Amino acid sequence: MKKNKGKVLLGIAVLMLGLVSGCGSTTASKDSGNIKIGGDLELSGNVATFGQSVLNAVNLAFEDQNKKGGVLGKQIQFITADNKSDAGESTSAITKLITQDNVVAVLGAVTSSNTKAAVPVATDNKIPLITPTATNAEVTVNKDGSLNSWVFRSCFLDPFQGKVAANFVLNTLKVKNAAVFIDQKDDYSKGLAAEFSKDIKAGGGTITDTENYVGGDKDFKATLTRIKASNPDVVFVPGYYNEVGLIVKQGRELGITVPFVGGDGWDSAKLPELAGAANLNNTYFVNHMWADDPATKPFVEAYKAKYNTEPDALAALGYDAAEMLISAIKTAGSTNAEKIRTALENTKDFKGVTGVISVDPKTHNPVKSAVIIKMVDGKKTLLTHVNP
Ligand code: PHE
């Protein structure tokens, strides 16, 4: 008993010391000098083009803002941590950004699984997290209906994206029988597949075959052979570009001539390199923006001028997340985390380059339009806009 009491007292003493010193350094770094913002990003690993696009766009937004005098009279400092496209690394990355770098808010992660791995850290430390791109429904609202009150996003959700894809198959391609090929360890892939399959069936269609792969796989031929044997009118692949590229290539080599359809995870300049431009003909995917739209074009021009390459949807969403945060810090008039959180929650009619963003205070989800991209000879072309 006595021994325990001693331990408790020692624990309290250590805790207080920690609080005092932690508080000291936090105050110093938050209240003087720059405004530090963290980036938990996929800068290497399986979806590295995603993190790179977001990084470029956020740098563009922050550098422009800094040239205009910064925010609240201070310069923004963007501190990134590479999550290596891995959920465990994403937890470590955001922990470092918050506890060592003392950032006032975090942008990222890109994928839904990596963002979910960051949510508890943002929540426990009461630091706002804005993912530009994680579309899985449970990033903001948990299965039990509770809100992750520190988490926001600048993109639409997979229940919408899945419905857009299913309606496209049923009403535009005018076919009913789809095979589905899922990355079984990825939250985005599983959630999007479930929504698509539900909507295909609700529209009177059939799922001819549901198959799984694991991110990082390279040889899909055995599974694609089963998919082909199920005789689908279309193959839905809700995955990321690395695997999708190889799946389309190998599928075409096996004589699968029907359309492949997917979601935003296809959006990478690497996709045509991996699939082969011709193999991508007769493929379509849902995405967040079209470069020639009036609201998007000025951003596209600025991005091209700086980086000498076309921005993808990741870049556009990253830019919007960065601008949303700048606007929230201005509205808050402070870098106090709770005040930034409240300002983000009250975001209304924010004119982003991917569309107008209003945050629903109950779900933290924006309602936005999608586009359907048709691949033609390795290039993205706009098929249509779809409103919610
Ligand atoms: N929506 C994907 C996810 O949640 C990430 C992504 C967004 C990929 C936009 C490409 C373009 O995992």
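Author: Two strands count as paired if DSSP finds at least two bridges between them. Helices (H or I, at least four residues) and strands (E, at least two) are DSSP runs, numbered from the N terminus. The model is predicted, so local features need pLDDT of at least 70 and side-chain atom pairs pLDDT 80 or more, while totals for chains, interfaces and linings use all residues. Residues are numbered from 1 along each chain as its sequence is written, and side-chain values use heavy atoms, without hydrogens and water.

Reader: In what order do the seven strands of the open sheet with mixed pairing lie?

Author: The edge strands are β7 (206–213) and β14 (379–386), each of which pairs on one side only. Angles run from 0 to 180 degrees between N-to-C directions, with axes fitted to C-alpha atoms, for helices over the stretch in contact. The order of the strands is β7-β6-β8-β9-β10-β13-β14.

Reader: Which residue in β9 is the bridge partner of Phe236?

Author: Strand β8 (residues 234–236) and strand β9 (residues 260–262) run parallel and are joined by two bridges. In β9, Phe236 has as its bridge partner Val261.

Reader: What angle does the direction of helix α8 make with that of β9?

Author: Helix α8 (residues 241–253) packs on the seven-stranded sheet. The helix touches β6 (177–183), β7, β9 and β10 (283–287), where contact means heavy atoms within 4.5 Å. Its direction and that of β9 make an angle of about 165°.

Reader: Which strands stand at the edges of the five-stranded open sheet?

Author: The pairing in this sheet is parallel, in the order β2-β1-β3-β4-β5. Each edge strand has a single partner, so one side of it is left without a neighbour in the sheet. The edges are β2 (76–82) and β5 (151–153).

Reader: How far apart are the end C-alpha atoms of α3?

Author: Helix α3 (residues 87–99) lies across β1, β2, β3 and β4 (129–131) and runs at about 175° to β1. The expected span of a helix is 1.5 Å times one less than its number of residues. For the 13 residues of α3 this gives 18 Å, which agrees with the distance between its end C-alpha atoms, 18 Å.

Reader: What arc around the axis do the buried residues of α3 cover?

Author: Ser90, Ala93, Ile94, Leu97 and Ile98 are buried in α3, buried being under 20% relative accessible area, exposed over 50% and partly exposed in between (1.4 Å probe, protein chains only). Their cover includes β1, β2, β3, α4 (112–125) and β4. They lie on the same side of α3, because the arc, taken from the directions from the helix axis to the C-beta atoms, is only 120°.

Reader: Is Ser334 buried or exposed?

Author: Ser334 sits in the loop between α11 (313–332) and α12 (337–345). Not counting residues up to four places away in sequence, Ser334 touches Leu72, Ile329, Lys339 and Ile340. Its relative accessible area is 17%, so Ser334 is buried.
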